[in-house]
Structure formats: C-alpha cells, structure tokens
Amino acid sequence: MDVVWMLLLLLLFPLLMWTSSTFVFYFKKFFYVAWMMFLAIVGIPICLLKSGGRDVENMRIIRSMVRHVKYLFGLRIEVSGWEHLQTEGPYVIISNHQSSLDVLGMMEILPDRCTTIAKKELVYAGTVGLICWLAGIVFINRKKTSDAKSVMADAAKTMLDEQIRLWVFPEGTRNQNGDLLPFKKGAFHLAVQAQVPIIPVVFSSYSSFYLRKEKQFKSGVIRLRILPKIETKGLTSDEVSCLSDQSHSLMRTAFLEISGLVAKSNGPLKH
Ligand SMILES: CCCCCCCCCCCCCCCC(=O)SCCNC(=O)CCNC(=O)[C@H](O)C(C)(C)COP(=O)(O)OP(=O)(O)OC[C@H]1O[C@@H](n2cnc3c(N)ncnc32)[C@H](O)[C@@H]1OP(=O)(O)O
Ligand SMILES: CCCCCCCC/C=C\CCCCCCCC(=O)OC[C@@H](O)COP(=O)(O)O
C-alpha cells in the first residue's frame with residue numbers, strides 16, 4: 001500500500017509542477033529556505049574551523065556557498081558598475097530590498113570584509129540565524145529606535161577599528177510595490193559618523209519573475225547596478241536628510257531605468 005502511495009505522489013509531483021504555477025511558487029519558496037538552511041548546516045562547522053567564532057571573514061564562506069543558488073532557480077544576475085566597488089577601506093553599501101532573494105544578488109557582488117545590518121529576528125532563524133551571527137551580522141531592534149541607534153553608533157566605530165564594510169537596506173523592510181519606499185536615516189548617520197563613503201547598489205524589479213501576491217515564481221533576470229560612491233567627508237548629522245534624499249533620488253532613477261519602468265507624474269508606475 002505504501003508503495004502505491006509513493007508511486008502516486010511521484011506522479012503527482014511532476015503533474016503539479018507542470019500544471020500549477022501556485023504549486024511551483026510554494027515549492028520553490030520551500031526549497032529556497034530548506035536549501036539555505038542546509039547550506040548553513042554545512043557552512044557552520046567550516047566557519048568555526050576557519051575562524052573559531054564570530055568573524056566578518058566568515059562572509060567569504062557564505063559568499064562562496066551561496067553563489068550557485070541562482071542556477072537552481074533559473075535566475076541570471078547581470079551586474080554593471082563593478083568599477084565603483086574598487087574603493088579602498090570601509091564604506092557603507094545601501095540597496096533596495098524586495099525579498100530574501102536579494103541575498104543571491106548580494107553574494108554576487110559582496111566585497112571582502114563586508115557584513116550587513118539585519119533585524120534581530122533573523123538571529124532566531126535556525127541554522128541561517130547562527131551562520132549570520134558567525135559572519136558578524138549586526139542585529140538591530142527596529143522597534144526600539146534608541147537601541148538601534150546605539151548599536152549602529154558602535155558599528156560606526158567598529159567599521160573604522162576593524163576596517164569593515166557594512167551593507168544596509170535603508171528602506172528598513174522588504175518592499176515589492178514597484179518603487180522604493182522612503183529611506184530610514186540609520187545608514188546615512190552611520191556613514192557620516194564614520195566619515196566613510198556610501199556606495200548605492202540597485203536591484204531591478206523582480207516583478208517579471210517573482211510576484212508574492214499572485215503566487216508566481218518563474219525564471220528571470222536580476223539586474224544589479226552599482227552606482228558611483230557618495231563622499232561624506234566633512235558632513236555632519238545636519239546634512240543627513242539631504243544625503244538621504246540625494247541617494248534616494250539617484251537610486252530611484254536607476255531602479256526605474258534597469259526595471260524598464262517609467263514614472264507617471266502622479267500615478268502608479270507602469271511597465
Ligand atoms: C551558507 C548559507 C547562507 C545562508 C544565508 C545567509 C545570508 C546572509 C545575508 C543576510 C542578509 C540579511 C538581510 C537582512 C535585511 C533586513 O533585516 S532589513 C531590516 C533591518 N535593517 C534596517 O532596518 C536598516 C535600516 N533602518 C534604519 O536605519 C533606521 O533608521 C533605524 C536605525 C532602525 C531607526 O528606525 P526609525 O526610528 O523607524 O526611523 P528613522 O526615521 O530613520 O529615525 C528616526 C529618527 O532617528 C534619527 N536616527 C536614525 N538613526 C540614527 C542614528 N544611527 N544616529 C542618530 N540618529 C539617528 C533620524 O535622523 C530620525 O530623526 P529625525 O531626522 O526625524 O529628527
Ligand atoms: C526557526 C526557523 C525560522 C525559519 C526562518 C527562515 C529564515 C530564512 C531562511 C533562508 C533564507 C535565506 C536568506 C536569509 C536572509 C533574508 C533575510 C530577510 O530578507 O529578512 C527580512 C528582512 O529583511 C525584512 O523583514 P520584514 O519584511 O520587515 O519582515
């Protein structure tokens with residue numbers, strides 16, 4: 001009897017994959033999380049053996065372990081502006097944030113000694129949380145601004161002391177509304193406090209292959225554009241809003257361009 005059920009399931013799986021895009025969506029999402037969890041199980045002992053604990057150098061291990069994942073999902077990543085990452089010393093990378101799939105693009109271009117700022121809930125994400133901690137990810141409590149500010153002020157000092165680069169998602173949350181959300185200020189305070197440049201990175205819209213509401217997850221292309229660095233030397237906290245607006249405007253223009261979208265004067269964005 002068990003064999004009959006097994007055979008039925010084996011037949012049902014390709015049938016569902018062939019006929020139901022909703023099934024494909026849930027299967028791919030499940031597989032993405034499961035595969036990352038599995039990679040983390042393999043990666044954790046490697047990190048521990050190589051560096052003995054929490055160390056930004058562990059990001060190299062994550063980077064090399066995650067690079068093949070795009071092929072499993074039929075995703076192609078096209079990068080432009082590599083030359084803008086040829087910057088010595090610490091800097092802050094800012095990018096838009098659409099989904100946990102951003103990790104794939106991130107690992108495609110992640111410079112050495114670069115870690116990220118993440119919500120504290122991620123540390124509890126099983127093996128993925130543990131490997132994130134081992135790779136020096138800085139966890140913040142978004143609900144307590146004062147705590148988040150002090151963690152980020154410490155990060156500004158650590159960046160300089162230990163020559164570390166930090167990747168921040170200034171929208172502060174995942175967003176797939178076809179445009180950028182207004183930016184939170186933390187990334188810009190961080191760069192000004194450390195007096196380091198900001199390098200904006202823009203991911204094109206995922207709407208041609210990944211739609212959360214419509215339950216669609218197809219093959220597709222992610223365009224990643226690295227923009228020229230923005231210097232912060234000599235700037236003070238008074239200029240943070242201006243810096244944030246300037247970055248937002250540059251990134252929004254690039255986002256629309258690489259996503260093939262046009263902004264209507266008062267209406268929604270259209271392909
Ligand atoms: C091998 C297997 C691998 C497995 C796989 C591994 C994957 C390995 C990659 C993982 C990758 C993870 C990816 C995670 C991705 C996320 O978790 S995204 C979510 C977490 N990140 C963030 O939220 C970062 C952005 N947020 C911020 O920076 C926010 O500003 C803060 C710090 C949270 C504060 O938030 P807020 O209070 O809501 O907002 P905001 O309006 O910015 O600030 C309020 C006031 O405080 C001031 N302020 C803000 N920040 C500061 C500051 N630092 N200093 C002084 N004043 C400040 C502002 O200026 C503002 O004052 P006004 O200008 O209005 O007077
Ligand atoms: C105890 C088990 C919990 C299981 C949780 C599964 C964790 C995800 C596992 C594999 C995915 C690999 C990529 C992990 C990094 C993605 C982090 C991420 O995208 O976090 C969301 C955060 O940016 C914004 O969150 P909100 O949209 O504000 O909320």
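Predicted model: local features only at pLDDT ≥ 70, side-chain atom pairs only at ≥ 80, totals over all residues.
Helices here are DSSP runs of H or I at least four residues long, and they are numbered from the N terminus. Helices α2 and α6 are handy names to start with, as each supplies at least two residues of the shell around ligand 2.

**Around the ligands**

- Ligand 2 has 13 residues around it, and the ones that come nearest are M36, S100, A125, T173 and R174.
- Sorted by class, that shell around ligand 2 holds seven nonpolar, four polar and two charged residues.
- Ligand 1 is surrounded by 35 residues, with T145, K184, K185, G186 and H189 the closest.
- Several elements give two or more residues to the shell around ligand 1: α2 (21-51), α3 (58-66), β3 (114-119), α6 (126-134), α7 (145-162) and α8.
- By class, the shell around ligand 1 comes out at 22 nonpolar, eight polar and five charged residues.

**The nonpolar core**

- The largest nonpolar core has 59 residues, and the members touching the most others are V92, L166, V168, L190 and A191.
- Helix α8 (residues 186-194) gives this core its largest share, six residues.
- Take L190 as a way in: leaving aside its neighbours within four places in sequence, L190 is in contact with V92, M152, A155, A156, L166 and V168.

**Strand β2 and its partners**

- Strand β2 (residues 92-95) is covered on both faces, with V92 and I94 buried on one side and I93 and S95 buried on the other.
- β2 runs parallel to strand β5 (residues 165-168), and three bridges join the two.
- Look for I93 standing opposite W167 in β5.
- β2 also runs parallel to strand β6 (residues 198-203), this time joined by four bridges.
- On that side, V92 has I198 of β6 as its bridge partner.

**What the UniProt record says**

- An unreviewed UniProt entry places the feature "transmembrane region" at residues 32-49, 122-140 and 190-211.
- In the model, residues 32-49 are 100% helix and 0% strand, and the end C-alpha atoms of the span lie 26 Å apart.
- Residues 190-211 are 23% helix and 36% strand, with end C-alpha atoms 33 Å apart.

Technical notes: Residues numbered from 1 in each chain as written. Chains lettered and ligands numbered in written order. Core = buried A, V, L, I, M, F, W, Y, C linked by C-beta atoms within 7 Å. Buried ≥ 20, exposed ≤ 12 C-beta atoms within 10 Å, placed from the backbone. Contact = placed C-beta atoms within 7 Å. UniProt positions renumbered as here; feature names shortened; annotations may be inferred. Near = placed C-beta within 6 Å. Nonpolar A, V, L, I, M, F, W, Y, C, P; charged D, E, K, R; others polar. Pairing = 2+ DSSP bridges.
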